[in-house]
Structure formats: C-alpha cells, structure tokens
Amino acid sequence: MFCIVKLDNNLEVGTVVQYDTTANKWTTAISHQDTIGVVSQPAHQDEETQEWWAQVTFAGVAFALADRDIPDQGGKLNVSNGKVFVDSSSDGNGIIA
C-alpha cells in the first residue's frame, strides 16, 4: 500500500521516512520507533507552492536504502538516518530480507 505524501525536501527513492508533527511533513526517519514508510517513486516539486511530494510505501514489500551490509539471512528491521540495517538484538517489528 502506498500514499502520496508531502516531504520536507527532495528525498531519494528508498529513503525511509517518518511524520514530523511540528513541520506537518514526512522527513528522513531517525529510528524505527514511529510509523515509517519508504519513498518508492522520485519526488516531484509543486511549481506553485514549491512543496515536495512523493509516493511512499507503508505496507508490503519495499526496497529501502541500506545503512550497512545486510546479512544473507536478513533480520529485524532498524533505521538510521533514513536507511535500514539489521540488528536482531533490538525490538524491531519489521524484517529485512
């Protein structure tokens, strides 16, 4: 499932995002603790408002940028600076394959 959402700037496809209630925009995710999604199509800028919009995937399979090497067996999802990594000792509720 995906939605088209307002971004805080032009984010790269594969960037993990979370909602910023102060700015009322989706920003680069710093962790996996909040609702997250993955930018799945290139962002576009509205010519009149100069706001950035993009398709963001919230459920199902998504391809995200990796922060470091992903083990062959995958593991629990974690997020750092808009990128994913595996840390099987954490309380992540998603998986990376």
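For this tour, two residues are in contact when they have heavy atoms within 4.5 Å. Keep in mind that the model you're looking at is predicted.

Start by selecting Asn24. You'll find Asn24 in the loop between strand E2 (16–20) and strand E3 (25–28). Now bring up its surroundings, skipping the neighbours within four places in sequence: what is Asn24 in contact with? The answer is Lys6 and Tyr19.

Next, show the side chains of Asn24 and Tyr19. A polar contact of 3.3 Å joins the two.

Is Asn24 buried, exposed or partly exposed? Its relative accessibility is 44%, so Asn24 counts as partly exposed, the cut-offs being under 20% for buried and over 50% for exposed.

Before leaving, check the backbone. Most residues other than glycine have a negative phi. Asn24 isn't a glycine, yet its phi is positive, at about 55°. For a sense of distance, select Glu47 too: Glu47 is 23 residues from Asn24 along the chain, and their C-alpha atoms are separated by 19 Å.

Last stop: Asn81. Asn81 sits in the loop between strand E7 (75–80) and strand E8 (83–86). Look at the backbone here as well, where Asn81, also a residue other than glycine, has a positive phi near 50°. With a relative accessible area of 59%, Asn81 is exposed.

Note on methods:
Residues are numbered from 1 along each chain as its sequence is written. This is a predicted model: local features need pLDDT of at least 70, side-chain atom pairs count only at pLDDT 80 or more; totals for chains, interfaces and linings use all residues. Side-chain values use heavy atoms; hydrogens and water are left out. Helices (H or I, at least four residues) and strands (E, at least two) are DSSP runs, numbered from the N terminus. Buried means under 20% relative accessible area, exposed over 50%, partly exposed in between (1.4 Å probe, protein chains only). A polar contact is a pair of N or O atoms within 3.5 Å; within protein, one must be able to donate a hydrogen and the other to accept it, and residues adjacent in sequence count only if both atoms are side-chain atoms.
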